[in-house]
Amino acid sequence: MTNPLPRSPITRAITRLGIPPTLAPGYLGLLLFMIGDGVESGYLSPYLTDQGVPQPRVALLFTVYGVAAGLAAWLSGVLSELCGPRRVMWAGLAIWGAFQVVFLAAALPLGSYPLMMLGYGLRGLGYPLFAYGFLVWIAGAVPRARLGTAMGWFWFAFTGGLPTLGSLVAGGLIPHIGAYATLWAALGLVAAGGLIALLPVRDDRGGRRPRSEGDSPLATLTGSVTILWRNPRVGTGALVRTINTASQFGFFVILPVHFTRTVGFTLTQWLHLLSAMFATNIVANLLCGMIGDRFGWRRTIAWCGGAGCTLSTLLLFYVPQAAGAHFGLALVVAAFYGATLAGYVPISALMPSLEPRHQGQALAALNLGAGASTFVGPAVVAVFAGPLGVEGVVWIFAGMYAVSTVLTVFLKLPDEPGAAPAGAAGPAPAAAAPSASAPA
């Protein structure tokens, strides 16, 4: 049983905000952890180049880090079913800290590229285990009627730290203590965040083994893959999640050059547009979680996410193309695009509800979709930018968002009228489950 907190004014205020009081320290800890993880995001690549590491080697180092992070994102849901989310978060914290020390205390001072690959590459396993382990914890601890808002706060903390506040911390520290010492400061922030998230949290569901009785570790591991076709709605949700941020990673490749060389913005103006885009996204993450709980998760995903991104993707290209280097107009459409990306936030609540008996496996599928978007977007650019140009790539992304709007129709919960059987999951109790499309 969860140990109830006294109904103090602070507890009541936290509850009204939609944050589960028993998990409230976890959200603060996640924010600090992700700030620490994001400190390096704006300067590590040029810093390593300045230290004599050739650019192709830097790119390979970041690629290995990304592969490790994608693997850990998938494993976080599986391991949470096997061991419980709390242990997975401890593992993520320990991995991040240990390999950051290898990177800072040995690899950089010695200038050893193999040690950099070991320290930094394997450190990529850390943050997904910590962050997405907490995501599984939230899914198992929060009632479905409040789950969208709780997930909105998760993404508010996650994206608030990486890259937004992390980059600001780096900008404030580097002029005073230098780039190398700032990386050590990041370790301190991660350690503080991890301990705040894990030590005070009083919800004991983080220590349980949420997987079904009788499931062997091997069955749980393979089930996190077979669930994609065993429960087609989960597979569809993973595809929708891939589409969600595919354009974001594709635009990182193609839009900086387009906005600076074709439209006529300076690099500083483009960076300011990016800042506005993701600042808006942080706030919208929270709002869309609340909207999902009020008006329905599927409706929010379809209209705020799918339809919204279809429109905002086209506006992000055509408004600056027509108006030229008009910063005010570009700022508006960049912010609108960032806000519509957040329209998909309720899918983090919807996915574990599609497979209530195997929530970790469903979240593993969700994280698999998130990882896939990091290479699907750039792959679209690589294949189609040559023959179709920037405009053609933008239309492909807009078409993908339109498809995701249609796919959302099929993401019905097991207890919704007209929903097909959910494989091994079975129906969830109707009394505990507001509709994903009707207002909660």
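In which helix is the place of Ile301? In this predicted model, in which local features need pLDDT of at least 70, side-chain atom pairs count only at pLDDT 80 or more, and totals for chains, interfaces and linings use all residues, Ile301 has its place in helix α13. Residues are numbered from 1 along each chain as its sequence is written, and side-chain values use heavy atoms, with hydrogens and water left out. Helices are DSSP runs of H or I of at least four residues, numbered from the N terminus.

Ile301 is buried, with a relative accessible area of 1%, where buried means under 20% relative accessible area, exposed over 50% and partly exposed in between, for a 1.4 Å probe and protein chains only. Leaving aside neighbours within four places in sequence, Ile301 is in contact (heavy atoms within 4.5 Å) with Val240, Gly306, Gly343, Tyr344, Pro346, Ile347, Leu350 and Thr408. Ile301 and Phe259 are 42 residues apart in sequence, and their C-alpha atoms are 29 Å apart in space.

Helix α8 spans residues 144-177, and its 34 residues reach 46 Å from the first C-alpha to the last, close to the 50 Å expected at 1.5 Å a residue; the expected span is 1.5 Å times one less than the number of residues. A bend of about 50° is found in α8 at Gly161, and the proline Pro163 follows within four residues, the bend being the angle between axes fitted to the seven residues ending at a given position and the seven starting there. After α8 comes Gly178, whose phi is positive, near 90°.

Within α8 lies Trp153, which is buried at a relative accessible area of 14%. When residues up to four places away in sequence are not counted, Trp153 touches Leu17, Gly18, Ile19, Tyr27, Leu286 and Met290. Under the same exclusion of residues up to four places away, Phe154 touches Tyr27, Leu30, Ala131, Tyr132, Phe134, Leu135 and Ile138.

A search of the whole structure finds 26 aromatic pairs, in which rings of Phe, Tyr and Trp (its six-membered ring) have centres within 6.5 Å, planes under 30 degrees apart counting as stacked, over 60 as edge-to-face and the rest as tilted. Phe259 and Phe265 form a stacked pair, because their ring centres are 5.8 Å apart and their planes lie at 20°. Phe259 also forms a tilted aromatic pair with Trp270, at 5.0 Å centre to centre and 40° between the planes. This second pair links distant parts of the chain, with Phe259 in helix α11 (residues 232-263) and Trp270 in helix α12 (residues 267-295), 11 residues apart. Phe259 is buried at a relative accessible area of 1%, Phe265 counts as buried at 2%, and Trp270 is buried as well. Elsewhere, Tyr27, Tyr127, Tyr132, Phe134, Trp137, Phe154, Trp155 and Phe158 form one aromatic cluster.

Arginine side chains also meet aromatic rings. The charged end of Arg57 sits over the ring of Tyr113, 4.5 Å from its centre, and Arg294 lies over the face of Phe295 at 5.1 Å from the ring centre; a charge sits over a ring if NZ of Lys or CZ of Arg is within 6 Å of the ring centre and within 35 degrees of the ring normal.

Helix α11 also contains Val234, which counts as buried at 0% relative accessibility. Residues up to four places away in sequence not being counted, Val234 touches Ile227, Met351, Leu354, Glu355, Ala362 and Ala365. Ile227 is among the buried residues of α10, together with Thr220, Gly223 and Ser224. Helix α10 (residues 217-230) bends by about 50° at Ser224, and what covers its buried residues includes α4 (55-83), α11 and α16.

In helix α14 (residues 327-341), the 15 residues should span 21 Å at 1.5 Å a residue, which agrees with the 21 Å between the end C-alpha atoms. The buried residues of α14 include Ala330, Val333, Tyr337 and Leu341, and their cover includes α11, α12, α13 (297-323) and α16.

Technical notes. Helix = DSSP H or I, 4+ residues; strand = E, 2+ residues; numbered from the N terminus.
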